[in-house]
Amino acid sequence: MNENIITVQQLPVIVYERLESVGQEIDKRIASLDLDKQLVTEDTKKAVKDTKVMLKKELDNFEEQRKRIKEQVVAPYEAFEKAYNSFIKVKYEKADNVLKVKIDEFDRKLKADKEARIRAYFTELCQANNIDFLPFERLGLKIGLSDSEKSLKDLVNTNIENVVKSLKFIESLTDPDEYKAEILADYKQTLDVMIAINNAKYRKQQREAELQRLEAQKARAEQARLAAEARAKEVAPLQAPEE
């Protein structure tokens, strides 16, 4: 299948030896027009436009010759390329696509099997450390075909160790149990012990501020009640009893 089945029997011959000399003549003609020094005024505008049209017409004539040569040269190649694509290229591309699909299916299976083993390892570690709130997806592992199982298991180990350390730290806090429970609940959502502590602290401050506001409101109400009673006692002796 390696024999040369595509050959060119006769190379196209394009005669263009005169291009250089014609180009030199064009240089002389354009130089003689002294374009840089031409001024466009009401009197010269038509003449300048006529010169422009003349040069454009000459270029169009050369362009027509160039395009005609290109069509004559390209036409045989386009016919060959169409036949080549139909009889050769498309067949190899179809075969390549079939093999690609099979390889991709196999790779997906390898990746799925590897992920299943890593998930099982993760589940085992969670059970061993009494972690029942952490889904595998929270680890954010990107499992690729080139990733070794050892490196992936090391990442799982690191994540679980961090969770265990965070849980122990929360448990070691000297705060009341309900406050620690609040931190723990927040940690299970964020997996960041400092954020969990700060969130719980903020909520505690909010509750304390609200309590202080209610107590102050209650104190003001009590003061108003006592003041009203005092005023009532002051008014009472001034009212004489009726005969």
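Contact here means that heavy atoms lie within 4.5 Å. I worked throughout on a predicted model.

**Entry 1: isoleucine 131.** I looked up what isoleucine 131 touches. Leaving out residues up to four places away in sequence, I listed Cys126, Ile160, Val163, Val164 and Leu167.

**Entry 2: the nonpolar core.** I then asked which residues have the most contacts inside the largest nonpolar core. They are Phe122, Ile131, Leu134, Val156, Ile160 and Ile183, in a core of 25 residues. I noted that α2 (45-128), α3, α4 and α5 each supply at least two residues of this core. The largest share, 6 residues, comes from α3. For background, I recorded that in soluble globular proteins nonpolar side chains tend to be buried together.

**Entry 3: the length of α4.** I turned to helix α4, which runs over residues 177-190 and has 14 residues. From its first C-alpha to its last, α4 reaches 20 Å, close to the 20 Å expected at 1.5 Å a residue.

Entry 4: I looked up which residues of α4 are buried. I found Tyr179, Lys180, Glu182, Ile183, Asp186 and Tyr187. Why do they lie on the same side of α4? The reason is that they cover an arc of only 155 degrees around the axis. I recalled that an α-helix has 3.6 residues a turn, so residues three or four places apart point the same way. The face turned away from the buried side carries the exposed residues Asp177, Glu178 and Gln189.

**Entry 5: around α4.** I checked what covers the buried residues of α4, and the cover includes α3 (149-172) and α5 (193-235). Finally, I noted that α4 is followed by leucine 191, whose phi is positive, near 60 degrees.

Key. Residues numbered from 1 in each chain as written. Predicted model: local features only at pLDDT ≥ 70, side-chain atom pairs only at ≥ 80, totals over all residues. Heavy atoms only, no water. Helix = DSSP H or I, 4+ residues; strand = E, 2+ residues; numbered from the N terminus. Expected span 1.5 Å × (residues − 1). Buried < 20%, exposed > 50% of the residue type's maximum accessible area, 1.4 Å probe, protein only. Arc of directions from axis to C-beta. Core = buried A, V, L, I, M, F, W, Y, C linked by side-chain atoms within 4.5 Å.
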